[in-house]
Amino acid sequence: MSDDDVRYCERCSYIFLKLILFAYAIIWWLIGGFILAIGIYAEVERQRYKTLEGVFLAPAIILILLGIIMFIVSLVGLVGSLRDNLTLLKVFMYTLAVCLILELLGGILALAFRHQTVGLVNKNIRKGIVNYYDDLDFKNIMDFVQKRFKCCGGQEYTDWSVNMYHNCSALSPSACGVPYTCCITTKPNEVANTMCGYKVLEKTRLELIEIIHIRGCTDAFFIWLMDNYKIMAGLLLGILLPQFFGVVVSWLYMTRVEDAISSVQLSVREEDLFPSL
């Protein structure tokens, strides 16, 4: 293969990698901007009805943080690919690599210390249950989880006793009860009796088997994960592979940019050494 053919192949690979990296960065930049916009809108709506100072399990805050990170990192990669700026390309590649490593480490640590992880989750769920009727975000999440996974509370249904309205010492109609989303429904789309959890905290587990779901949502969720491991594996690959792809493409494109810079510098030195007559 002649030198002209080599240069042509290098030029084609440079253009191809540039287009791939540009498309990759702009897609994630747009996604990041979209997530950020949704997060800001959700937070504005949340502030209208907010009665708590905390941000426990606030989806809006999570969306805003995720959107900002994706927007900024993707913008760095976008500008770096357009300008062939090695510094920006390195920042983009290393940021993706660090995020990928942190996600892997987080998953490994969560599995290695699964008992502590479960305990932490249960503790935070009980904190949320305390403010169940005051925090609309948490209420919607908890209701959805209890319906979807057919469960009640965090560790178990008795977690609802920490709520001031469901505690047995309360004077409200919900005293010693649980939300209706804990109740067992026998028919699809059946309209649940909102008082079906009345006084259930005074009864034994055996008495409640046909009334409410007595299993805690933490256990129910982990059982669901084990039963749907293929879906979870696909979801994890869907999260990790795009980041790994971005790291690889960034690295390959950086090598082409460095080769191009080296070629230009070599040509300049040759012209200085052998000036045309």
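1. A residue is called buried here when its relative accessible area is under 20%. C217, with a relative accessible area of 5%, is therefore buried. Please keep in mind as you read on that this is a predicted model.

2. C217 forms a disulfide with C151, and the two sulfur atoms lie 2.1 Å apart. The torsion about their S-S bond is about 90°, so the disulfide is right-handed. The link ties together distant parts of the chain: C151 sits in the loop between α5 and α6 (205-208), while C217 belongs to helix α7, and 66 residues separate them. C151 is buried as well, because its relative accessible area is 0%.

3. How many disulfides does the structure hold? There are four. If you number the bonded cysteines in sequence order, they pair as 1-8, 2-5, 3-4 and 6-7.

4. The disulfide between C168 and C176 has its sulfur atoms 1.7 Å apart. A torsion of about 95° about the S-S bond makes this one right-handed. Are its two cysteines buried or exposed? C168 is partly exposed, with a relative accessible area of 44%, whereas C176 counts as buried at 1%.

5. The largest nonpolar core has 22 residues, and the ones with the most contacts inside it are M142, Y157, W160, V178 and I212. The elements that give two or more residues to this core are α4 (114-130), α5 (136-148) and α7 (217-227). Of these, α5 provides the largest share, three residues. A second, separate core holds 15 residues, among them Y14, M93, Y253 and V257.

6. An unreviewed UniProt entry carries the annotation "transmembrane region" for residues 20-42, 54-79, 91-113 and 231-254. In the model, residues 91-113 are 96% helix and 0% strand, with their end C-alpha atoms 32 Å apart. Residues 231-254 are 100% helix and 0% strand, and their end C-alpha atoms lie 35 Å apart.

7. Where would you look for nonpolar side chains on the surface? V98, I101, L102, L105, L109 and F113 make a nonpolar surface patch of about 570 Å². One of these residues, L102, is found in helix α3 (residues 86-112). L102 counts as exposed because its relative accessibility is 55%, and the cut-off for exposed is over 50%.

8. Charged pairs are the last topic. Side chains of opposite charge can pair when their charged atoms come close. The count comes to five salt bridges. One of them joins R126 to D159, with the closest N and O atoms 3.8 Å apart. This pair links distant parts of the chain, with R126 in helix α4 and D159 in the loop between α5 and α6, 33 residues apart. R126 is partly exposed at 27% relative accessibility, while D159 is buried, with a relative accessible area of 7%.

9. Two further salt bridges lie within helices. In helix α5, K139 and D143 are four residues apart, so about one helical turn separates them. Their closest N and O atoms are 3.2 Å apart. K139 is partly exposed, with a relative accessible area of 23%, but D143 is buried, with 9%. In helix α8 (residues 229-273), R256 and D259 are three residues apart, about one turn of the helix. Their side chains meet in a salt bridge of 3.8 Å, N to O. Both ends are partly exposed: R256 at 28% relative accessibility, and D259 at 38%.

Key:
Residues are numbered from 1 along each chain as its sequence is written. This is a predicted model: local features need pLDDT of at least 70, side-chain atom pairs count only at pLDDT 80 or more; totals for chains, interfaces and linings use all residues. Side-chain values use heavy atoms; hydrogens and water are left out. UniProt positions are given in the numbering used here, feature names are shortened, and annotations may be inferred rather than shown by experiment. A nonpolar core is a set of buried Ala, Val, Leu, Ile, Met, Phe, Trp, Tyr and Cys residues joined through side-chain atoms within 4.5 Å. Buried means under 20% relative accessible area, exposed over 50%, partly exposed in between (1.4 Å probe, protein chains only). Patches are made of residues with over 30% relative accessible area and no salt bridge: like charges are joined within 9 Å, nonpolar side chains (Val, Leu, Ile, Met, Phe, Trp, Tyr) within 5 Å. Accessible areas come from the Shrake-Rupley method with a 1.4 Å probe; for residues, only the protein chains shown count as cover. A salt bridge is a side-chain nitrogen of Lys or Arg within 4 Å of a carboxyl oxygen of Asp or Glu. A disulfide is a pair of cysteine sulfur atoms within 2.5 Å.
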